[in-house]
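Trainee: I'm new to this one, could you walk me through it?
Mentor: Gladly, let's open it and take your questions in turn.

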Amino acid sequence: MIAKNSLPGPESKRTEPPQYCPPTKECQAVRLQMAENTCDQPQGLYEPIVCTKGYYCPRPGDQRYLCPDKHYCPLGTESPVKCGPLSVCPSGSSREFHLDGFVVAMILDIVLLIIVFVPLRLGVSNLDFKKYRKDSQSSSEEVLEVAERPTLLSIPGEHETNYPSISITYEEITFELSELNRPVVSSVSGSIQRGMLCGILGPSGAGKTTLMRLLMGKIEPTKGIVKVNGSQTTISRLKKLTGYVPSDDILPSHLTVYETILHACRLRGPRNWSEKQRSVATQSIMQSLGILHIQHQLVGDQLMSLISSGQRKRVSIATELIAAPMMLFLDEPTSGLDSTTAMVLIDLLKKISGTGVIVVCILHQPRQEIFVALDHVMLMAEGMQLYEGSPGEAASYFSSHGFEISKDANPADYLLDIAASKARSASPHIGTVNMAQQLARMWEQQQCIQNEAIQHTEDEIETSELAPDAVVDLERTAALRGASWLRQVQYCHLRAMKQQLRQPFSLLLEIAVGGVAGLLIGLGLYSNKGMHFEGVYLTPFEMLSSAVDYSTVPKIGNMITLAIALAASAPGVSTFGDEKPLYWREAAAGHRRSAYFTGKVLATIPRMTLSSLHFASFYAILATPSINFWLLYVLVLLYFYCVYGLASAVSVAVKRENGALLAMILCLIIGAFGGYAPMLSNVQSWHLEWLWRLCPGTWLTEAYFDLVLKRVEYLYDVHAAAAWTGFSLRRTSLDVVMILIIGTFYRAVTFAGLVFFDRDKQR
Ligand SMILES: Nc1ncnc2c1ncn2[C@@H]1O[C@H](COP(=O)(O)OP(=O)(O)OP(=O)(O)O)[C@@H](O)[C@H]1O
């Protein structure tokens, strides 16, 4: 309130207006300052003065008292303002040193450090990368020994007593791309029956991967059809029954081998399994694949793998096998493996196919034993089919066309030579020019001759095993697989939390950056001593007003939004941007995309909470704004929420390397559109307020402006300030809700981006 101090002079009331006296030169100079603008002495006999900072002057205002302990008294205080329970406010304080947030932040930091670092010191954590690397190197590859144990093989049949049969037929499938002058895959036909181990062979660029993607239903053929159990149901509808091991081993980083496989089991395994059954199945798979001894080692990522490439490949295979697929497709499963380990792996795949699972793998250079272990071979060259059938009959088929395979040679190598037009035929009908086309034509003719027999076989299949309800059975089986949506959210959330805690440096750095950003802004405002606003005194004392300062509060809002943009955009980008390939792989495997998204978003909340708490507490200690700390914290947290959301949305839309910069620019823009420069009132005069209102910065600044002005409305004409700046007063709740809505909208955009961008990679 405007109060007359205890110095002599008649009382000045609203009914008896004060008299304005010209100030002395010294007083005039003080009044025209932006802060500390009260003269200690009234100017003239009838002029009241504002109650001095650090004192309060209760009504009628003719007495002045020292501000008591645990309270603070800014300029013109009528009754002291109570400080927060932990704030520093000795008697005579004119501002509050908010310590509540700081103390809570320090306690949380200590807890976090204990969680992250104490297990490391005790050597019981699985976060110790060096330890893992050492273990990994010292462990022997007990592949042969463990692969003999057929524990895995009981898994598919174990939990599904009426395990339905499955077969794939494909008729003249062709895949063309407009930019290529020849089809990538040209008129390929054949069938793969239940329990077959099938190898796709061919030189590089032959179309093997494309053929596999066509068979899996990941891409649609330009011509021809793929049937499952005789029905044209697309295989992609049976995602949960299909396992796909891509050639590049995409695995979640910072999980152990055991956790990685268990996660896949939880999400894709039979719904009714208990945790114990899942754990047993995980152990069995690891044992079968010879990776049990590294179960507690971290997998690492593609930049820093903590296990060997062969082990990584087997972990990748295990994550598919654990889902007990009925069709398993593997793109180059033996690449990166020594020939012994490759053989062991093929043996294992053979045993798996023996349980009724269709196993199709692309093989580059299979050794002879691997080749003969196959039940079915497809030989491709230049997108065309040169042969399909048993490996044993391949030699006689090609020898009938003049290709004699010597007894000592590896037939697989010789077939690849033929496909690459590097072998010579004794047949006068086959020249070295366009050999692949000639062989493809011959295979086509052969197919025509056998057409009747094939037709007969297909009829048999359609009438017996492939009854119409066979696909329905499969779909019913698929429906029983996989965790419920809520469970998937829970598992994805847990995984994301683990990943975060296992990158303690990134987590602590993110929190520290938040703290430093708040600290720097706070430092800049320290000299203001908590006085961030000055207005025109309420009537009838307006004549006593000093120079007004309406713009500092919007400027602070602007600084807060820009600082948060700098501090939080990079972590926001990494939330989804860093593991897009993993997301694609999991979405393609039938994981619920919304569950993954929700789990990840929930996992960012603790990080955001801590970063924003550090930001707000350092800012509040130094800037000493005269607002409630926890209200300030809510605003800062919500703004972090927006920046994380926008950065995530950017990260799903652009390439990883561009994500961080683009996100930062956009976050700076939504912060700069906060109503400070240009002032919101100017924007209103241009009829562009709607554009500013789309940015959370405007709402944050308005909320902050409102909170600050609420504390001084007893002293100043705050409505004049609101009119000058363009911000509205008394609608903090709306401002808060709008920031929340905008942050949530960014997340909705992120989710839409996840779903709609790179759709082909999620099939
Ligand atoms: N989306 C695409 N855009 C352009 N070209 C493509 C595309 N997909 C496949 N191709 C081309 O089609 C051919 C066959 O590709 P594919 O990946 O199926 O061969 P591959 O036999 O699996 O090769 P590799 O053994 O080297 O992996 C290649 O020449 C490839 O460049």
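Trainee: Which residues have the most contacts inside the largest nonpolar core?
Mentor: They are Ile261, Ile358, Leu386, Ile564, Tyr639 and Val643, in a core of 188 residues. A nonpolar core here is a set of buried Ala, Val, Leu, Ile, Met, Phe, Trp, Tyr and Cys residues joined through C-beta atoms within 7 Å, and buried means that 20 or more other C-beta atoms, placed from the backbone, lie within 10 Å of a residue's own. Please keep in mind that this is a predicted model, in which local features need pLDDT of at least 70 and side-chain atom pairs count only at pLDDT 80 or more, while totals for chains, interfaces and linings use all residues. Residues are numbered from 1 along each chain as its sequence is written.

Trainee: Which helix gives the most to this core?
Mentor: Helix α22, residues 629-653, does, with 18 residues; helices are DSSP runs of H or I with at least four residues, numbered from the N terminus.

Trainee: And where does the core lie?
Mentor: It lies between domain 3 (138-479) and domain 4 (502-762), because both give residues to it; the bounds come from an automatic or database domain assignment.

Trainee: New topic: how much of the protein chain is buried?
Mentor: Buried residues make up 47% of its 763 residues.

Trainee: What about α10, which residues are buried there?
Mentor: Among them are Thr341, Met343, Leu345 and Ile352.

Terms used:
A residue is buried if 20 or more other C-beta atoms lie within 10 Å of its own, exposed if 12 or fewer, and partly exposed in between; C-beta atoms are placed from the backbone. Helices (H or I, at least four residues) and strands (E, at least two) are DSSP runs, numbered from the N terminus.
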